Amino acid sequence: MNKRATITYVPMKYYTLLFLIIAFWSCEKIEDVTNRDSNWAVRGGNKAQERYSGLTQIDSSNVSELEIAWTYHTGDLDEGGTQMQVNPLVIDGTLYGVSPKLKVFALDAASGEEKWRFDPYAEEDNPSVNRNRGVTYWEEGDDARILFTAGSFLYALDARTGKVIEGFGNNGKVSLKKGLREEFKEYYMVATSPGVIYEDLIIIGSLVSEGADSAPGDIKAFNVKTGALEWTFHTIPRPGEFGRDTWDDPNAWKRIGGANSWAGMALDEEREIVYIPTGSASPDFYGGNRKGANLFANSLLALDASTGKRIWHYQTIHHDLWDRDLPSPPSLVTVRRDGQEIDAVAQPTKTGFVFLFDRETGKPLFDINERPVPSESNLAGEEVWPTQPIPEKPEPLMRQHMGEDDINPYVSQQEQDILREKLRGLNSSHMFEPPSLQGTLQFPGFDGGAEWGGSAVDPESGMLYVNTNEVPWILQMIDTNPDRGSGESLPLSLALGREEYMSTCVACHGTDLEGSGRSPSLVDIEDRLSPDEILNLIDSGRGMMPAFYQVSEARKKAIVNFLVDRPHYEVDVNSISDKEEAAGDPDASERYILNGYQKFRTEEGYPANSPPWGRLNAVNLNTGEIAWQVPLGEYPGLSAEGMPVTGTENYGGPVLTGSGLIFIAATLDKKIRAFSQKKGELLWEAELPYGGFATPSVYEVDGKQYVVIACGGGKLGVESGDAYVAFSLPE
């Protein structure tokens, strides 16, 4: 918020001096604001995660004239499918981005001409490539650095040349696994979201496995200059740490993983507080081996940025069984209540709620009530938490229940009847119905509600803008230790391979090996890959598939035997017999696993519920009232039939400008759009070469305003892409 001075009485002899001081102060402030608005120096626009630019050259009167200023192709497409979720940085006329295969590059932000490129995998033949949402910039004097992650390493590059900073860590990189207990060192750990800078520290979270083979999601701060690990916050508390009593097993920290912050974070530099959202404890959907409320999973943490000490926290889901991670960085905003200004932090959620807290104390600014939820489970050993926190305001941004009246009206009556019958077979009476063997309706879905694109806030008005999904999924669990049945007739290495597949692979590829929207089919995989190539793929990973370092060689070979349906490899079955014992324990963490990520859809692939399926929402955080909601995106096939705009699933967030515009892509129709902040009116849209599943950046070079978006595709059935596209007004 802009500071304004009020002058009452000043003696005349001090006016000249006062005028000079004010003039100097004003010039300093104007220069800072100009630099801030010209640049997009942090993922999310600034450390407060406002996703706001004060630039006004593009406004409602001329936004319809926008045209492509330049397009940059990274040349990094992959037949296996790639994505780019990057919110690029722009600093003093240079744009910093990341390619689908994690090459970092610098461009002239006015022309799109490449300045330099760095490949962290230059010496690797088949790297495992994780998702990436951007880089972090730090400078001190003449020392300017780009920090980014690839795999399990944090790199530091010279921002001007792209060369590694040799004095940082070990020849320019440091392991994100630094400080982990030895038994977790081989577990999967990357970072999809860039860290945030506080003085000489980069504070960063991680992405870990969501199964029983998960590393703990500790928050870490590394020294930007040296790479030294300066502090660690244990999200699964250790002896003597706050929150340990929320785990029934006092030794949970020795074996349970997750509770990680994969979404990014916000920073209040003046208060020296970093706000960190966390995800669920692992495994995601069965908690029989992690009984209790499970702090600090599914929590908004407020930590001292210099030490990592907890200041306050709030847990938004107790004992999460639904993968309802906090999906995005919170936004820092000033709200007005009863004539007072309150510095607040706003956290959107997958469930469609927005939680609003006092930034210093963590006190909710709207009442939050613990409401009873269904707590009976048919999964042996599970103890469902009996209540969940529900804020009174703002009201939910989406429907939180799907009934028979909500079936998709755009399909035939016969198919509507089929969908209703399927819905009747699912547990669907409440949004917190526990996971079950017969199947539970997951609505809001696995991907929200709100998702990783996050929210944008207007620093002057206290308005929050966020896009949401409104698509149902099916959460069905599988018992990993049923009677073997036909499995008894399998060769032992195939039978054990099937059990290992059910434990390690089924959540992505399904019991029928047919894959899902997230993962490819493995049916007849030997027609495409040899057994040795399959084993190498499990060893090293590919694209979005991680390398399974934590799985033993014998277990990997058993999986391959199962996939090719013959005992190609000799397997020492004694080396994996421990799986038999673990599966027989009702409290074992791998007793039940997810039967793949299944969307509840029509035969044509549309959501099974009635639209809207995606929306853009405006919320007045001062009052807690929803100002407006509009559908976001359209299905070309339905539009061609004259159907009203339905909205689509969407990934990527909005940005605001000082001229009252909202820019957002995110939809499967491959468009970028501009809406009015005041009423949500669609003012402009343009076709992109690939899906823009990312958040735009807004910047200025030589007096010209630009909007740039990473077009990586690769989601929702949209082909993968490799383009960055910048728009501006014509000369």
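What pLDDT does the chain average, and what share of the residues score at least 70? The chain averages a pLDDT (the predictor's confidence in each residue, from 0 to 100) of 90, and 89% of the residues score at least 70. The structure is a predicted model, in which local features need pLDDT of at least 70 and side-chain atom pairs count only at pLDDT 80 or more, while totals for chains, interfaces and linings use all residues. Residues are numbered from 1 along each chain as its sequence is written, and side-chain values use heavy atoms, with hydrogens and water left out.

Where pLDDT is low, the predicted coordinates should not be read in detail.

The chain contains eight helices and 41 strands, taken as DSSP runs numbered from the N terminus (helices H or I, at least four residues; strands E, at least two). Of its 731 residues, 60% are buried, that is, under 20% relative accessible area with a 1.4 Å probe and protein chains only. Among contacts with a separation of 6 or more, 62% are between residues 24 or more positions apart.

Helix 2 comprises twelve residues, 413-424; at 1.5 Å a residue it should span 16 Å, and its end C-alpha atoms are 16 Å apart, which agrees. The expected span is 1.5 Å times one less than the number of residues. Buried in helix 2 are Glu415, Gln416, Leu419, Arg420 and Leu423. Because these residues cover an arc of only 145 degrees around the axis, they lie on the same side of helix 2; the arc is that of the directions from the helix axis to the C-beta atoms. The buried residues of this helix pack against strand 26 (440-442).

Serine 436 is located in the loop between helix 2 and strand 26 and, at 2% relative accessibility, counts as buried. Beyond its neighbours within four places in sequence, serine 436 contacts Asn378, Leu379, Asn427, Leu475, Gln476 and Met477. A polar atom of the serine 436 side chain lies 3.1 Å from the backbone nitrogen of glycine 439.

Asparagine 467, in strand 28 (residues 463-469), counts as buried at 0% relative accessibility. A polar atom of its side chain lies 2.7 Å from the backbone oxygen of glycine 652.

How values were computed
Buried < 20%, exposed > 50% of the residue type's maximum accessible area, 1.4 Å probe, protein only. Contact = heavy atoms within 4.5 Å. Polar contact = N/O pair within 3.5 Å; in protein donor to acceptor, adjacent residues only side chain to side chain.
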